[in-house]
Amino acid sequence: MFCANCACELPAVAKFCVRCGSTVGPSTGSALTPVAAPPVSEPVGTTSVRCSKCGSQNPSDYSFCTTCGTALRPTGSPVFVSSTVTAFGTAVPRAKNETTGLFCNHCGTENSEYAKFCFSCGQPQVVASTDAAVHKEPLPPTPYSSFVLRLLVGLFLLAAAVFDFCQLALQRAPHPQFVRPLLTTAFALGILFVAKQSWAVVLSREQPTDRKLHKKHRRTIKYSVLIGILFILGAILFGWLIGKDRQQLQALEKDLAEYASIGGRISRARENPGKTIPDYVQMYISIESDVTTLAGTTSRLIRELGEYDADFPEFHAQTQRSTKNVSDTQRRMLLLGKQIAVAKKLKVVEDPEQRSIWISEMQPILEQEEQLDAGTTTEH
Amino acid sequence: MFEIATAVAKSSAAFVLVTDQQNPAPVLPLGWLVMWWICARRKKDPIGGWLAYYYYQLYVGIIFSVILVAGVSIHNYVPEYFSGETQRFLLFLLSSLPAIILAVFEAGVATFLLVLKTWDLVELLRNVLIAQAVAQGIGLIVDAKYFPDNVPLSLLSFVPSVLWVGYFFRSDRVRRVFKTHDWEVVAKAVGVA
């Protein structure tokens with residue numbers, strides 16, 4: 001059965017239309033086409049409203065009593081449980097806590113977003129033309145800051161990884177140490193991926209429909225790339241500079257340690273060589289390899305100290321003193337080399353000849369060494 | 001320019017005394033005055049006045065710092081340079097590195113703010129500036145205790161940081177350029193910005 005006034009489908013027992021309150025005649029139902037009529041849904045839930053005039057029970061979403069046509073609630077009171085009438089005229093029950101956000105200005109009843117007239121009082125409704133109009137509150141601002149923050153953190157981590165790679169490569173660090181920058185790179189790429197998603201959110205929020213907005217977005221991308229390039233270039237520059245310095249200082253430290261260790265061994269060996277020429281010969285033969293090594297180390301050290309002096313001019317005086325010491329040691333190694341050569345000659349001859357060679361060849365070299373020691377001592 | 005350049009300059013003095021040649025202080029006031037004059041002439045522009053000065057000092061400071069670090073004080077960031085003084089090296093990093101990293105972030109955020117001109121980026125920049133002021137405050141405390149020679153330079157970087165935080169919170173220009181986007185209207189109505 002349908003209402004002759006508003007074409008609303010009605011229960012068979014209805015004497016009045018639940019929507020418009022018109023009297024329902026016996027012949028009205030057959031005259032109307034059900035398809036054209038927006039049917040009212042079945043009562044949602046178990047709640048019902050008792051008519052104040054005749055006492056009949058009515059579903060809670062009915063506006064008028066089906067028995068006597070009396071209004072079931074005062075004008076302006078909202079319907080708490082409603083149905084959504086779709087664009088095709090079918091009714092879909094709406095969950096109790098689900099709202100469309102569109103309320104009638106006349107009676108306050110909540111209506112479907114597709115309703116042209118109020119479900120309860122029949123007053124014309126403003127049709128929601130866009131999605132934005134459905135929302136009562138304006139959209140939150142475009143999240144540029146999330147994008148910028150994530151992008152900068154990602155780029156910074158990527159730059160940190162590049163920095164690490166550069167300095168480890170220059171130091172010729174062992175392979176396990178490269179795991180650290182690799183992990184940093186992976187982490188940085190993850191954050192950059194999240195930044196890309198944030199940018200997608202920005203684009204979805206701000207459709208670049210006008211040229212100005214499109215230009216702004218393009219500039220943002222351009223600046224992101226530029227900042228990324230600057231970060232990476234900075235990382236390469238500082239990674240290379242620090243890596244070079246670290247390599248240089250590590251080499252210097254290693255050579256200084258070697259210098260002290262070998263120098264100490266040679267000094268100890270020369271302290272108590274014995275009393276006879278063969279004892280001396282034996283001592284010289286035993287330190288031969290150390291002398292050769294130390295001669296090479298001192299050459300390297302002189303070069304490294306020169307580089308250090310150029311890079312660290314604030315330590316010039318200290319570096320100069322170290323260079324002088326190493327140069328003296330280098331000269332001493334030269335003299336020791338000569339002594340070893342004489343000792344090798346002494347090894348193959350017998351005593352009288354040994355003595356004469358010692359006096360004629362070894363003695364002058366030892367005197368030179370003494371002079372060198374005296375000069376060093378005087379300077380110190 | 002003072003802010004970042006001094007943060008970097010003090011790194012030169014952390015381990016050794018800075019020579020006159022390395023100390024940027026005499027160069028800075030002249031550049032400071034020239035930039036202030038340029039910015040004062042652009043008072044009516046949205047990015048003018050103190051806001052333009054902020055950007056000038058930021059970018060010039062970054063360029064100056066890169067030159068200073070790469071040319072002079074890079075050795076101070078080499079751990080081997082502090083051989084046998086690991087704690088001193090860590091304290092030096094604590095006093096200088098966070099401020100430099102945050103300065104790089106600040107430059108990035110400020111650049112995007114210049115392009116996008118949105119209020120959420122102003123809020124992000126404020127947070128970065130606050131973090132930088134805190135980092136420089138910590139640096140100042142560390143310097144006062146362990147590197148007393150650096151205290152004047154630390155102060156020179158800390159004070160401007162705090163002032164810029166105040167500027168970005170209080171400035172009418174910042175609000176009108178980045179939030180209400182009506183600077184031109186106001187500048188025209190008032191006559192002078």
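This is a predicted model: local features need pLDDT of at least 70, side-chain atom pairs count only at pLDDT 80 or more; totals for chains, interfaces and linings use all residues.
In chain B, B:Lys117 lies in the loop between α4 (86–116) and α5 (119–146). B:Lys117 is not a glycine, yet its phi is positive, at about 50 degrees. Most residues other than glycine have a negative phi. As for its surroundings, B:Lys117 counts as partly exposed because it has 17 C-beta neighbours inside 10 Å, whereas a buried residue would need 20 or more.

B:His181 is placed in the loop between α7 (172–180) and α8 (183–190). Its phi is near 55 degrees, again a positive value in a residue other than glycine. B:His181 has 13 other C-beta atoms within 10 Å and is therefore partly exposed; the limit for an exposed residue is 12 or fewer.

Read from the N terminus on, the elements of chain B follow the order α-α-α-α-α-α-α-α. Chain B has 193 residues, of which 48% count as buried. Among the contacts in chain B with a separation of 6 or more, 69% are between residues 24 or more positions apart.

The description now turns to the interface with the other chain. Here, 23 residues of chain B are in contact with 25 residues of chain A. On the side of chain B that touches chain A, at least two residues are supplied by each of α3 (49–73), α4 and α5. The helix that gives the most to this side is α4(B), with 7 residues. By residue class, the side of chain B that touches chain A divides into 15 nonpolar, 5 polar and 3 charged residues. The loop that holds B:Lys117 lies between α4 and α5 of chain B, and both of these helices supply residues to the side that touches chain A.

A:Tyr280 is part of helix α6 (residues 277–311). What makes A:Tyr280 count as buried? There are 20 other C-beta atoms within 10 Å of A:Tyr280, so the residue is buried, the criterion being 20 or more. With residues up to four places away in sequence left aside, A:Tyr280 touches A:Pro273, A:Gly274 and A:Ala343.

Methods
Residues are numbered from 1 along each chain as its sequence is written. Chains are lettered from A and ligands numbered from 1 in the order in which they are written. Helices (H or I, at least four residues) and strands (E, at least two) are DSSP runs, numbered from the N terminus. Two residues are in contact if their C-beta atoms, placed from the backbone, lie within 7 Å. Ala, Val, Leu, Ile, Met, Phe, Trp, Tyr, Cys and Pro count as nonpolar, Asp, Glu, Lys and Arg as charged, and the others, Gly among them, as polar.
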